[in-house]
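Work through the exercises below with the structure open beside you. Try each task before you read its solution.

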Amino acid sequence: MAAFLLGAVLLIVQPQIVPSRPAINSNAEASSPSVQRELLKKTSQKNDFKENIYSNGSCQQLPQTIIIGVRKGGTRALLEMLSLHPDIAAAESEVHFFDWEDHYRNGLQWYINQMPFSYPHQITVEKTPAYFTSPKVPERVYNMNQSMRLLLILRDPSERVLSDYTQVFYNHMQKHKPYPSIEQFLIKNGELNVDYKAINRSLYYIHMQNWLKYFPLDHIHIVDGDRLIKDPFPEIEKVERFLKLSPQINASNFYFNKTKGFYCLRDSGRERCLHESKGRAHPQVDTRLLEKLQEYFHEPNKKFFELVGRTFDWHTFVAS
């Protein structure tokens, strides 16, 4: 009888297990297979990697900030402009750690080895535009660092679709491979082809909902990509404040290159522009088709504005 009473007491006082991650809505994408769950647990441990330290005090460390997207939103321009700040150390290449299984399987030590050497006072930044639209990424980033500061640069969804097509088109042209016209992607059976991947990437509110399951809105700074192109300095000032950086970048760091048609950078007397692949002319699209594309994004854009509590000056067309 005494043994029975002791067992009952232990059951009552046993502490409940509290989940370490935010609860996911029942309609969210199913969890990864057991192998991936175990990997997620492993990569969230702080003692399964080591920082590579140089004698001068610099070291490779996990990023404190990630530019998560969006593809063709201006992520390269944002990273180059942010790199003007002396307290920023940026990874040169897109790492694709959280969205490519072959990379993620390598664990945090592999990830940290892809980072630049930086000093303790610097913020390490990496950018991979595909993160924003990858369903698995938000949870994986959260498990690595719940305090991560995220940068998201967006532009007019319709314009982003055209840029997306343009990049793939030129990639094929450089390899002397044929590529269908944009109309063949945008139109299917006489209607707008909403299954076109480039259109899906521009449905910002869907992807943003996924990120907000794990990170509060004040941990995600949205850069207006259209304004960054036209007048970069005010947008970079906002990024400095979000990252709590001292104001080091100023208007004199930017100058408009009339030949290229966009802003270039001036740093310590040196001038440099983005790669020639940036700022390419979009294909000519029939006005009615463009209006149909803009009309399609009208409601998704409204949902996105409500979700983030701000509006953007994106083209919209509403049929009368």
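## Salt bridges

There are 14 salt bridges in this model, counting a side-chain nitrogen of Lys or Arg within 4 Å of a carboxyl oxygen of Asp or Glu. The model is predicted: local features need pLDDT of at least 70, side-chain atom pairs count only at pLDDT 80 or more, and totals for chains, interfaces and linings use all residues. Residues are numbered from 1 along each chain as its sequence is written, and side-chain values use heavy atoms, with hydrogens and water left out.

**Exercise 1.** Find the salt bridge between E80 and R76, and say where both residues lie.

*Solution.* 
- Step 1: The closest N and O atoms of E80 and R76 are 3.3 Å apart.
- Step 2: Both residues belong to helix 3. Helices here are DSSP runs (H or I, at least four residues), strands are runs of E (at least two), and both are numbered from the N terminus.
- Step 3: E80 and R76 are 4 residues apart, about one turn of the helix.
- Step 4: Check accessibility. Buried means under 20% relative accessible area, exposed over 50%, and partly exposed in between (1.4 Å probe, protein chains only). E80 has 21%, so E80 is partly exposed. R76 also has 21% and is partly exposed.

**Exercise 2.** Which parts of the chain does the pair R140 and E101 link?

*Solution.* 
- Step 1: R140 and E101 form a salt bridge, with the closest N and O atoms 3.2 Å apart.
- Step 2: R140 sits in helix 6 (residues 137-144) and E101 in helix 4 (residues 101-104). They are 39 residues apart, so the pair links distant parts of the chain.
- Step 3: R140 is buried, because its relative accessibility is 4%. E101, at 21%, is partly exposed.

**Exercise 3.** In what order do the 5 strands of the open sheet stand, and which stand at the edges?

*Solution.* 
- Step 1: The order is 3-5-2-6-9, and the pairing is parallel. Two strands pair if DSSP finds at least two bridges between them.
- Step 2: Strand 3 (88-90) and strand 9 (220-224) are the edge strands. Each has a single partner strand, so one side of each has no neighbour in the sheet.
- Step 3: On average, neighbouring strands are turned by 25° against each other, direction ignored.
- Step 4: Look at one pair. Strand 2 and strand 6 (residues 149-154) pair in the parallel sense over 4 bridges. I66 has L150 in strand 6 as its bridge partner.

**Exercise 4.** How do helix 3 and helix 12 cross, and which residues make the contact?

*Solution.* 
- Step 1: The axes of helix 3 and helix 12 (residues 232-242) come within 11 Å and cross at roughly 70°. Axes are lines fitted to C-alpha atoms, for helices over the stretch in contact, and angles run from 0 to 180 degrees between N-to-C directions.
- Step 2: Angles of 65 to 115 degrees count as roughly perpendicular. Helix 3 and helix 12 are therefore roughly perpendicular to each other.
- Step 3: L78, M81 and L82 of helix 3 meet P232, I236 and V239 of helix 12. Contact means heavy atoms within 4.5 Å.

## An annotated residue

**Exercise 5.** Is K72 buried or exposed?

*Solution.* 
- Step 1: An unreviewed UniProt entry lists K72 under "active site". UniProt positions follow the numbering used here, feature names are shortened, and annotations may be inferred rather than shown by experiment.
- Step 2: K72 lies in the loop between strand 2 (65-69) and helix 3 (75-82).
- Step 3: The relative accessible area of K72 is 18%, so K72 is buried.

Definitions and conventions: Angles under 35 degrees count as roughly parallel, over 145 as roughly antiparallel, 65 to 115 as roughly perpendicular and the rest as oblique.
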